[in-house]
Amino acid sequence: MANTPVTNEYSDNELIDLVRKGSDSAFNLLIFRYTGMVSLLSKKYFSPSLTADDWFQEGMIGFLDAVRTFSIDGGASFATYATVCIRNRLNSSLKKAKNSAAVQASDSIVFDSDIIPSVDSPEDNYIENENYRVFTQSAFSRLSETEQKVIGYYLAGFSYTETASILGISEKSVDNALCRAKSKLKKAYG
């Protein structure tokens, strides 16, 4: 069974069943289907002590845990279960980063943690991921370094006082940077 070719017509549940029977091609197809989702979820996390590749790796570990522990009888779809496992792993890594001696707790943030990406197809995941990357890159290229940091902390739910303390600037400077950033983004994106 390990070398039997598997096509995209198989459902996630069927692929997981085949993976547990030793099918390498079923495992590869599952990874192909969910790599975009892992990438999208992991890009929403930031910590000075971890790179984007580290976050992606942590997300993939969460995905592999989902493949290993998913129960067809559990009531949730694999996509939903995998999303939860990936987020749990990323959140666990975020907590570790926050607790490390080298990083202050307030230096680690999560962007848009309530958004669950569409997992309709690998193509949709890729397009959604690419659109998010292009938009973020375009939006942030319009902002100064301080504005980028301030809006990042703002989106993560930090107060003006917390942001000012982290960045070593006044609360008024935080307010001004946030207003400038909002104005620039509103002008650019309506």
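Helices are taken here as DSSP runs of H or I with at least four residues, numbered from the N terminus, and their axes are lines fitted to C-alpha atoms over the stretch in contact, with angles running from 0 to 180 degrees between N-to-C directions. The structure is a predicted model, in which local features need pLDDT of at least 70 and side-chain atom pairs count only at pLDDT 80 or more, whereas totals for chains, interfaces and linings use all residues. Residues are numbered from 1 along each chain as its sequence is written, and side-chain values use heavy atoms, with hydrogens and water left out.

Two packed helices are described by the angle between their axes and the distance between the axes. For helix α1 (residues 12-20) and helix α2 (residues 24-42), the axes come within 8 Å and cross at roughly 140°. The two helices α1 and α2 are therefore oblique to each other, a term kept for angles that are not under 35 degrees (roughly parallel), over 145 (roughly antiparallel) or 65 to 115 (roughly perpendicular). The contact, meaning heavy atoms within 4.5 Å, involves Asp12, Leu15, Ile16, Leu18 and Val19 on the α1 side, and Ala26, Phe27, Leu29, Leu30, Arg33 and Tyr34 on the α2 side. These residues divide into 9 nonpolar, no polar and 2 charged, where Ala, Val, Leu, Ile, Met, Phe, Trp, Tyr, Cys and Pro count as nonpolar, Asp, Glu, Lys and Arg as charged, and the others, Gly among them, as polar.

The axes of α1 and α3 come within 9 Å and cross at roughly 85°, and these two helices are therefore roughly perpendicular to each other. Their contact is formed by Ile16, Val19 and Arg20 of α1 together with Val67, Arg68 and Thr69 of α3, a group made up of 3 nonpolar, 1 polar and 2 charged residues.

A nonpolar core is a set of buried Ala, Val, Leu, Ile, Met, Phe, Trp, Tyr and Cys residues joined through side-chain atoms within 4.5 Å, with buried meaning under 20% relative accessible area, exposed over 50% and partly exposed in between (1.4 Å probe, protein chains only). The largest such core holds 25 residues, of which Leu30, Tyr34, Phe63, Phe78 and Ile86 touch the most other members. At least two residues of this core are supplied by each of α1, α2, α3 (52-69) and α4 (78-99). When neighbours within four places in sequence are left aside, Ile86 is in contact with Met37, Val38, Leu41, Gly59, Gly62 and Phe63. A second, separate core of 8 residues includes Leu143, Val174, Ala177 and Ala181.
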